[in-house]
Each structure stands twice: as structure tokens, then as C-alpha cells.
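Look at the structure below before reading on. The paragraphs after it go through the parts in turn.

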Amino acid sequence: MRQALHHLALSTHGAGLVEITGEVTRWVAAQRIDTGLLTLFCRHTSASLLIQENADPDVQADLLAFFRRIAPEGAGYVHDAEGPDDMPAHIRAALTQTQLGIPVANGRPVLGTWQGIYLFEHRAAPHRREIVLHLIGDMAV
Amino acid sequence: MRQALHHLALSTHGAGLVEITGEVTRWVAAQRIDTGLLTLFCRHTSASLLIQENADPDVQADLLAFFRRIAPEGAGYVHDAEGPDDMPAHIRAALTQTQLGIPVANGRPVLGTWQGIYLFEHRAAPHRREIVLHLIGDMAV
Amino acid sequence: MRQALHHLALSTHGAGLVEITGEVTRWVAAQRIDTGLLTLFCRHTSASLLIQENADPDVQADLLAFFRRIAPEGAGYVHDAEGPDDMPAHIRAALTQTQLGIPVANGRPVLGTWQGIYLFEHRAAPHRREIVLHLIGDMAV
């Protein structure tokens, strides 16, 4: 049984989904671990992780609109020292995922055909974000 | 340390919770891994996973009503080429889980007394769904 | 490769976040596993887990207010035999996490600077809660 650990640094461009499927898949493929468990961990509380449809970009627009509607800016939050978009960002992060665990088979995460892995930036301004990737497994079951 | 991997195929009957605790528990019991980590991964973006109360079926009815209320059909979504229930399904999946990690002790997932594992179908029509189960561990700590 | 398993029992004092970062970090540090994967699992359906900001307590107050607003008591739930706060508790648990997976490096969970691990009590009355901790890994990558 083997392990691998990697820090993935990303730039975001304001609120929205940044697809990381390609980078994650390439890193997994390079670890010589055919079967195992991949974990992604987002080291932030105003950005998060999400597995969502990778086909129609309208899905992403509708998702963003939903989270804006359910946790809007200016809803009378007590916490506003870091800007009006900060508390909505914490709420949207709480409603999505800080971490994802994905089994790996044949050297690839077992994503479905329409699934992509996304970093979900919730702040209005561009940010540098860091995701930790961990893989544990072996060359075969 | 050992691993096991399994594809669980399920039929759903429209929007609702399908309990899979029994199938999952039986598969784990057959792997001869006493202590370890079980991961369930749902290969879809319009269905998801949920651990919820397994006692009173009214809890399930209220959960469904909540998700219908918070992400209703016909809320002016841009994405509607796959039907009016598709975009609400993506939102409801984003608010619940694509994956679950559950420690295993004495050959069983360490679920609490009232916890059941459910596939949460968000589409209106019946679907074939696939969940990947991964188990890593050993005969003892 | 090694494993460790631990049951963490906690008392809560009604609805709110109980920080467990310190207890979890100390337990991990004592396992002599430098690199690995930590999993936390909450054995309840009316309490959950959350990684959130550990700096400004106002964030917690705003989070609680958000979940009260989105899943209020007295919203016409069918399930009310266990009290008016029980069904909102199940909904709030469904919207947050029953489990968290966190990579471990240098004997510590790889939390970001502002991240704390919290048990999220959703019931109004104090409860005894149980979280299972599982760690798998090795002394080095």
C-alpha cells in the first residue's frame, strides 16, 4: 500500500466554478496507484469543492444564481468587517463541500461521464486558493 | 492492509430516497476487512447520497418537501433542455453529498442507531444509478 | 501502513457550533502516523460536522441565523412527534456534513489557517453526541 500527497495552488477570478478535473486526473495518473482512494481538501472557508455537470455551462450559471438567491449579500449579517461578500461566502461554503473522497480504479478517479470536479470560489475578488490532494492505494485490488 | 471495490447498480422510481444500508452493510461484511474506511461515491449529478433517519418515514416526506421548496421547478433557470426537473435536481445534488466516507469497525460501518444510508434520486422519472463502493483496511487495528 | 480508531463523546448545550479542532488534533498527534487520511463521522441525524472560520464568532451567529431562516421551526412539517425543533434539525444536518475526510501531513490535519472543525448541534436541548475518528497512514509518504 502506498500514499501520495500534493498541494495544488489555483488562481480564481471572482465568484464562480473553476474546473480542476484535468489537473487532478493527471496527478493521480502519475502516482502509479491503480486502485485506491483520492481525497481533495480545500483549505479555505470562503471557497469550496463541488462535483457537478461538465456539459452545459448554463448549469453553472443557474447554480451561481441559486446560491446568490439563497445566501444574498446585505441580508443583515453581523459579520461584515471583511466586506459584504464574505459572510455569504461562508454560508455558500457551508452548503457545499470542503472535501471530496473519490475512489480510484485503473489509475483514474471513478467519475461518471457527466461529472467534473470544481473549485467553487465564493468571494467577489480573485483569490489564490490551495487544495490538498491525498491518494492511498496500491497497484491492484 | 487490503482493498475492495464494488459497483452497485440501482433502479430508482422518481424523486425520493432509496435506502441502501442493507446492501452496503452486507457487501462490507463479505470483504474480511474488520477495521477500515468505507467510501460510497455516486456517479451522477442529478442524484446524490444522504445519511438520514431510518425510523419515521415522515422525515423523508418532509425532506423532499423542503428540497422542492428551496429549489423548485420553474424558477426561471437558463438550463432547461433536459426538462423542468433537471436543474432543480443539480441544485439538490449540490446541497447534499456526492460521496460519503464511513469508518468500519468489527466488520460494520459505524452508523448510529437511527442512521440509514440513502441514494437520493432528484429526477422525476425512474433512472438507473451507479454507486461505487471502496473499502480499505485490515483484519484488526 | 497503520490504522487507529477512536470514539469521541461530547456534550452540547443546545443549537450551536462546538469546536473540536483541539481534541481531534491532539488525538491525531498521538497516533504516530505522520502522513495519512483522517475521517470524522457523526453518528447522529440531528447534529452534523462543519469546517468553518475559527476567527470571528460573528460568523457562527450568522450561520445559525441562516439555518434558522432556511429551515425554520413550525413550517408545517408532518414529522413533529419529537418536538418542533426535530425536523428542522434533520434538514440542517442534511445540508451540512455527516462526515469529513482530512489529509494528515507532518502528524497534523492539513487545515488552513482560518479553519476549525465543529460539531454542529441542531437540537434545542443539550445532547450527548458521538463522533468516530478513523486514521489510516504511515510514518512517511
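This is a predicted model: local features need pLDDT of at least 70, side-chain atom pairs count only at pLDDT 80 or more; totals for chains, interfaces and linings use all residues.

Residues are numbered from 1 along each chain as its sequence is written, chains are lettered from A and ligands numbered from 1 in the order in which they are written, and side-chain values use heavy atoms, with hydrogens and water left out.

Begin with chain A. It has three helices and eight strands; helices (H or I, at least four residues) and strands (E, at least two) are DSSP runs, numbered from the N terminus. Along the sequence, the order in chain A is β-β-α-β-β-α-α-β-β-β-β. Taken along the principal axes, a box of roughly 55 × 30 × 20 Å holds the C-alpha atoms of chain A.

Next comes the interface of chain A and chain B. Chain A puts 37 residues into the contact and chain B puts in 32 residues, where contact means heavy atoms within 4.5 Å. Together the two chains bury about 2,700 Å², and 63% of this is on carbon and sulfur atoms. Buried area is the accessible area (1.4 Å probe) that two parts lose on being put together, summed over both. On the side of chain A that touches chain B, the elements that give two or more residues are strand S3 (35-42), strand S4 (47-53), helix H2 (57-70), strand S5 (99-105) and strand S8 (128-138) of chain A. H2(A) gives the most, with eight residues. By class, this side of chain A has 21 nonpolar, 10 polar and six charged residues. Here Ala, Val, Leu, Ile, Met, Phe, Trp, Tyr, Cys and Pro count as nonpolar, Asp, Glu, Lys and Arg as charged, and the others, Gly among them, as polar.

How many salt bridges are there between chain A and chain B? The count is zero, a salt bridge being a side-chain nitrogen of Lys or Arg within 4 Å of a carboxyl oxygen of Asp or Glu.

Now turn to chain B and chain C. This contact takes 37 residues from chain B and 32 residues from chain C. The buried area is about 2,700 Å², with 63% from carbon and sulfur atoms. Between chain B and chain C there are zero salt bridges and 16 residue pairs in polar contact (both at pLDDT 80 or more).

On a 1 Å grid over the protein atoms alone, a cavity is a set of points where a 1.4 Å probe fits but cannot get out, and lining residues have an atom within 4 Å of a point. The structure has four cavities of 30 Å³ or more. The largest cavity holds about 70 Å³ of space; grid points are joined across faces, edges and corners, and a volume is the space filled by probe spheres set on the points. Residues that line the largest cavity include A:Leu37, B:Leu37 and C:Leu37. Its lining has three nonpolar, nine polar and no charged residues.

Key:
On a 1 Å grid over the protein atoms alone, a cavity is a set of points where a 1.4 Å probe fits but cannot get out, and a pocket is an open set with protein on both sides within 12 Å along at least five of seven lines; lining residues have an atom within 4 Å of a point. A polar contact is a pair of N or O atoms within 3.5 Å; within protein, one must be able to donate a hydrogen and the other to accept it, and residues adjacent in sequence count only if both atoms are side-chain atoms.
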